[in-house]
Structure formats: structure tokens, C-alpha cells
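Dear colleague,

Please find below the structure that I am handing over to you. My notes on it follow.

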Amino acid sequence: MGIADSSDGSDTDAVRAEILERWGRAAAGWSKRAQQVREFGLPVSAWMLDHAGLQPGLRVLELAAGPGETGFLASELIRPGGSLICSDATDEMLEVARARAKELGIENVEFKRIELEWIDLETASVDVVLCKWGLMFSTDPEASLREMRRVLRPGGRVALAVWDEPPENPWATIPTETMVELGHTTPPDPGAPGMFALAPPGRLQDVLEAAGFLDVRIGSVEPSRAFDSVEDYIAETRDLSSVFGELLDPLSDEQRTEVVARVTELAQPYVDADGMLRLPARSLVAAADA
């Protein structure tokens with residue numbers, strides 16, 4: 001999460017490597033903000049778990065787990081006898097998830113480094129696949145979904161979430177718009193892997209059906225982001241988005257003041273009478289059968 005960034009898409013291997021490096025760099029910030037991430041994402045996780053068909057004894061795979069919060073919630077629902085594979089494509093994020101599991105007392109979990117485009121598990125070896133806010137960063141979402149379907153047992157289910165279109169997510173677009181307007185970066189490529197790659201209407205359903213999933217159900221969830229001040233919002237965005245942090249940190253004091261002023265201006269419509277900044281968000285959610 002964070003600044004609405006994308007890669008240039010010119011070379012698949014280079015793009016994938018850049019994405020992984022970016023998330024590796026962001027891991028420390030995600031560890032620092034793990035509780036905020038958990039609270040913000042809880043309505044989306046709840047939808048996914050409600051539609052995942054979880055029950056005791058199942059084997060669940062979480063992909064692009066980040067701090068692992070959705071999978072850890074699932075781990076409670078598959079006890080006794082069930083197990084969770086918590087996976088991410090970067091070792092740094094896996095370390096964050098390991099620390100969170102220890103903190104939360106999660107024991108029925110194993111950790112494994114897995115990339116979305118090729119899942120290093122046997123065919124028909126898991127009952128449920130979870131993937132929250134990860135699929136849109138895949139260099140080939142359809143191939144990733146085919147891999148998810150391959151590792152699912154017949155009748156297994158996938159539950160996932162991606163971000164809806166940019167106008168529905170000012171919490172993510174305001175930092176990008178600011179940096180572009182002030183000349184500190186260029187606009188993201190809408191056709192490259194990134195936050196909104198699967199946001200266009202019908203796109204998520206199309207890739208799920210193209211990958212062979214059945215009974216596709218698409219919905220939306222609107223988690224709100226609340227901050228005491230614009231400064232708090234900028235600080236959290238810097239922690240969660242390595243791209244934003246790397247653009248912000250080298251700026252002069254004068255340039256940073258300009259960034260804060262422009263973010264404040266763009267965020268003003270979302271400031272409540274009590275002074276709280278409440279930024280809308282909308283996530284698309286989906287569940288389908290293998």
C-alpha cells in the first residue's frame with residue numbers, strides 16, 4: 001500500500017525484480033505499521049474469510065501475505081487439524097510475518113517463499129488460497145491465477161482482493177498526484193503491474209474466468225483510513241511505500257514543505273468537523289471455485 005506506483009512494463013524479468021526489491025525495502029515500514037495495516041484491512045479480510053469456505057482441518061495457502069494478517073485470522077478458523085502456509089515473494093516480508101505470528105501466538109503455520117507466477121507446491125495440495133492486495137502486482141495475473149487453480153484441490157476455493165479504480169482510493173492517489181504535480185516523479189504507467197492494474201470494470205472477473213475458475217463472485221468493501229493529521233498520513237505513507245519514501249527523503253526542507261502543503265490541499269475535502277482526516281478507500285473482492 002501507499003503511493004500508487006507502477007513499473008514500466010518494458011521487460012518482464014526486470015519489472016518483477018523491481019517489484020520484489022521495492023517490497024523488500026518496504027518490509028521494515030510494514031513491520032512498524034503492522035497493527036494499522038491489520039485494522040485498516042480487517043473489513044476486507046473478513047469478506048474474504050466469509051467467502052472462503054473455511055472449516056477445521058483444511059490446508060490454506062496465503063500468497064503475497066505481507067504481515068500475514070488475513071492468513072493468521074484464517075488459521076484460527078481451520079483449527080483443530082488445519083494448517084496455514086504463509087508465503088510471500090520476499091524474504092524480508094516473510095520475516096515480518098514470522099515476527100507477527102510469534103507475537104500473536106499462531107502455531108499452525110509454516111512459512112515459505114513463493115512468487116505469484118509460479119507456486120512451488122504440488123498440484124491439488126491445498127483447500128483454500130487467499131491473496132489480499134497482491135495479484136495486481138503480478139507480471140501475469142492470469143498465469144498467477146492458473147497456478148492458484150493448479151494447487152487447489154478439486155472444489156477448492158480462492159478468495160482475493162485488489163484495489164478498485166483510482167478515484168475511489170484518494171488515500172493512495174493523493175501522494176502520487178502531489179509528487180507528479182511538483183515534478184518529483186512521472187505519472188505511473190496504467191498498463192504496468194501496480195495498485196490499479198486489475199481495477200478496470202470487469203477485468204478481475206475476466207482473468208478469473210480465463211484461468212478456469214467457476215462460480216466467480218465479485219464484490220467491494222470500503223475500509224476507511226483515519227488519521228489525526230496530514231502529517232500522520234504522510235508519515236504512514238512514507239513507511240508503507242518505499243517509492244514515496246525514496247522520493248520524499250532527498251528533498252530539501254523547502255520542497256518537503258511544498259509536498260505537505262499540496263497534500264494538505266488535496267486532502268482538505270476529507271477532513272471532518274472534528275479535525276480527523278478520513279480518506280475513502282474501495283477494494284474489489286472476489287471468491288471463486290476451482
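How many helices and how many strands are there in the chain? The chain has ten helices and nine strands, taken as DSSP runs (helices H or I, at least four residues; strands E, at least two) and numbered from the N terminus.

Please note that this is a predicted model, in which local features need pLDDT of at least 70 and side-chain atom pairs count only at pLDDT 80 or more, while totals for chains, interfaces and linings use all residues. Residues are numbered from 1 along each chain as its sequence is written, and side-chain values use heavy atoms, without hydrogens and water.

As to the overall fold, the radius of gyration, taken over C-alpha atoms, is 19 Å, which agrees with the value near 19 Å for a compact globule of 290 residues (2.2 Å times the number of residues to the power 0.38). Of the 290 residues, 53% count as buried (under 20% relative accessible area, 1.4 Å probe, protein chains only). Among contacts (heavy atoms within 4.5 Å) with a separation of 6 or more, 79% join residues 24 or more positions apart.

One helix pair deserves a note. The axes of H8 (residues 230-240) and H10 (residues 253-267), lines fitted to C-alpha atoms over the stretch in contact, come within 10 Å and cross at roughly 110°. H8 is therefore roughly perpendicular to H10 (65 to 115 degrees). Val 230, Glu 231, Tyr 233 and Ile 234 of H8 meet Val 260, Val 263 and Thr 264 of H10 in this contact.

Yours sincerely

Conventions
Axes are lines fitted to C-alpha atoms, for helices over the stretch in contact, and angles run from 0 to 180 degrees between N-to-C directions. Angles under 35 degrees count as roughly parallel, over 145 as roughly antiparallel, 65 to 115 as roughly perpendicular and the rest as oblique. Buried means under 20% relative accessible area, exposed over 50%, partly exposed in between (1.4 Å probe, protein chains only).
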